[in-house]
Amino acid sequence: MRLSRYFLPVLKENPSEAQIVSHRYMLRAGMIKQSAAGIYSWLPLGFKVLKKIETIVHEEQMRAGHIPMLMPTLQSADLWKESGRYDDYGQEMLRISDRHGRDMLYGPTNEELITDIFRSHVGSYKDLPLTLYHIQWKFRDEIRPRFGVMRGREFYMKDGYNFDLTKEDALHAYNRHLVSYLRSYERMGLQAIPMRADGGPIGGDYTHEFLVLAETGESEVFYDSAVTDLTFGDRAIDYDSVEQCQGVLEEFTSKYARTDETHDEALFNEVPEERRRVARGIEVGQIFYFGTKYSEALGANVQGPDGKQSPVHMGSHGIGVSRLLGAIIEASHDDKGIIWPEGVTPFHCGIVNLKQGDAEADAACESLYEALTAAGLEPLYDDRKERAGGKFATMDLIGLPWRITVGPRGLKNGVVELTSRRSGESEELSPEAAVQKIVEIYANHQTGRGF
Ligand code: ATP
Ligand code: MG
């Protein structure tokens, strides 16, 4: 993309309404524009990152054997009346009536809808196990929408639902989700720690929230610092293997890590004192086994091998796709702007032309642009007639992890400058070597092509 032809409405001033850094940078970098409290338009740069995150979530869900689909945002209230949640859900649910006076709602989640689909089409254990998911906009009329996309009213969420004959099978689905979530967050350059959370009115031990440590997080968390040493990495996993998935769950959840809802001071005190941490975190996902709560309410039964009918065992599993942009920025920025991890960066590399209009500099930038594009990467070429300082400030603000700077002086010596946004370090290389290096860097990151 050439910046002169793109739509990147950066702001020079700090927007006064933004209290935290991610919100501030998303507005300043022209990624989002508020339309109403907690509701945003996604401008091209923000949309690009949103789609990259979504792509990673899709790829990892499909890798785990979960099946993508799409359910609507607007739902009829009938199913919610059947499950009893129409009255229970409270004011967070946006209730609407259509022209015929029928009760409708903007879905805050989809347990009822998916259970209805299941009961309409599946009746036998032979069709199990089954995990369906979608990535769709949700609406929750949050009392205090704030922090930009972090606590929106309209937000983008992946929600998946598993259907299994037995509790054991459903717990395997739970473990599969844990593994696929660990992989997803790591591909986004994030450490999200599974922490034991509150099962709510259903109770039980089977729910974990995934938290990104950040001072601005809304949750208070207590953990053994040894959990921050754990990484999933690129190890192979067989999602059909009960033992392997259970092993990962045990590895990642046996150390103390809890949100304030389930915090147990006595247990926490058993952690060696120098490893006890009290901090704040951003919830970027949650997995949940809830048994037969919805299948009993909605009559979603399956016939077992013995011919007997029983309610199907279910769980639901969510990732806050739009919140993740905020969480990634909170975890990765400096005082000049965002620092995107390679896995989600909107463009792979910036090209800054120090002397736009200089025939040699222009030609060198064009050929870098072509070489990177031919290698399957997306460069952002700042081809505007602007001062170098302004171009650098924009690149730093929007946070592309790599930048190639091209100027007449370097070109005389046959070199351009390659700069890492994260370390700030630069090296002089021939244009070919700079392209080669960027290609190698991204060969180690599975990034989707943006929109
Ligand atoms: P919270 O405790 O933050 O209100 P939740 O536990 O109610 O979230 P879930 O129902 O578990 O949310 O939804 C799954 C994921 O969707 C959450 O882990 C979070 O990342 C994201 N999410 C929930 N509410 C919002 C919101 N208002 N804005 C943006 N993302 C959200
Ligand atoms: Mg939650």
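## Domains

Domain bounds here come from an automatic or database domain assignment. On that basis, the chain of this predicted model is divided into domain 1, residues 7-338, and domain 2, residues 349-443. The centres of domain 1 and domain 2, taken over C-alpha atoms, are 38 Å apart. Where the domains touch, domain 1 supplies 13 residues and domain 2 supplies eight residues.

## Nonpolar cores

In soluble globular proteins, nonpolar side chains tend to be buried together. In this model, the largest nonpolar core has 70 residues. Met31, Ile53, Tyr185, Phe210 and Val284 have the most contacts inside this core. Helix H6, spanning residues 167-187, gives the most to the core, namely eight residues. Domain 1 (7-338) and domain 2 (349-443) each contribute at least three residues to this core. A second, separate core has 24 residues, among them Leu105, Leu132, Phe163 and Phe288.

Val284 shows what such a position touches. Leaving aside neighbours within four places in sequence, valine 284 is in contact with Tyr185, Ala192, Phe210, Val212, Gly318, Ile319, Gly320, Leu324 and Ala327.

## Strand E8 and its partners

How many of the 11 residues of strand E8 are buried? Strand E8 (residues 154-164) is mostly covered, with 10 residues buried. E8 pairs with strand E7 (residues 130-139) in the antiparallel sense, over 10 bridges. In this pairing, tryptophan 137 stands opposite tyrosine 156 of E8.

E8 is also joined to strand E16 (residues 313-320), by eight bridges, and these two strands run antiparallel. Here tyrosine 161 stands opposite serine 316 in E16.

## The five-stranded sheet

Five strands form an open sheet with mixed pairing, in the order E20-E19-E21-E22-E23. Why is one side of strand E20 and of strand E23 left without a neighbour in the sheet? Strand E20 (379-382) and strand E23 (426-429) stand at the edges and have a single partner strand each, so one side of each has no neighbour there. Neighbouring strands of this sheet are turned by 20° against each other on average, with direction ignored.

Within the sheet, strand E21 (residues 402-406) and strand E22 (residues 416-420) run antiparallel and are joined by four bridges. Threonine 405 stands opposite glutamate 417 in E22. Helix H11 (residues 359-374) packs on the sheet, where H11 touches strand E19 (349-353), E20, E21 and E22. The direction of H11 makes about 170° with that of E19.

## The magnesium site

Which residues coordinate the magnesium ion, ligand 2? Glu283 (OE) and Gln286 (OE1) do, at 2.0 to 2.2 Å. Glutamate 283 counts as partly exposed because its relative accessibility is 26%, and partly exposed is the class between under 20% (buried) and over 50% (exposed). Glutamine 286, at 21% relative accessibility, also counts as partly exposed.

## Alanine 214

Alanine 214 lies in the loop between strand E10 (207-213) and strand E11 (219-224). Is this residue buried or exposed? With 12% relative accessibility, alanine 214 counts as buried, since buried means under 20%.

Not counting residues up to four places away in sequence, alanine 214 touches Arg280, Gly281, Ile282 and Glu330. Alanine 214 and alanine 279 are 65 residues apart along the chain, and their C-alpha atoms are separated by 7.8 Å.

Key:
Residues numbered from 1 in each chain as written. Chains lettered and ligands numbered in written order. Predicted model: local features only at pLDDT ≥ 70, side-chain atom pairs only at ≥ 80, totals over all residues. Heavy atoms only, no water. Core = buried A, V, L, I, M, F, W, Y, C linked by side-chain atoms within 4.5 Å. Buried < 20%, exposed > 50% of the residue type's maximum accessible area, 1.4 Å probe, protein only. Contact = heavy atoms within 4.5 Å. Pairing = 2+ DSSP bridges. Axes fitted to C-alpha atoms, helices over the stretch in contact; angles between N-to-C directions. Donors = N, O, S within 2.8 Å, 3.2 Å for Na, K, Ca; no water.
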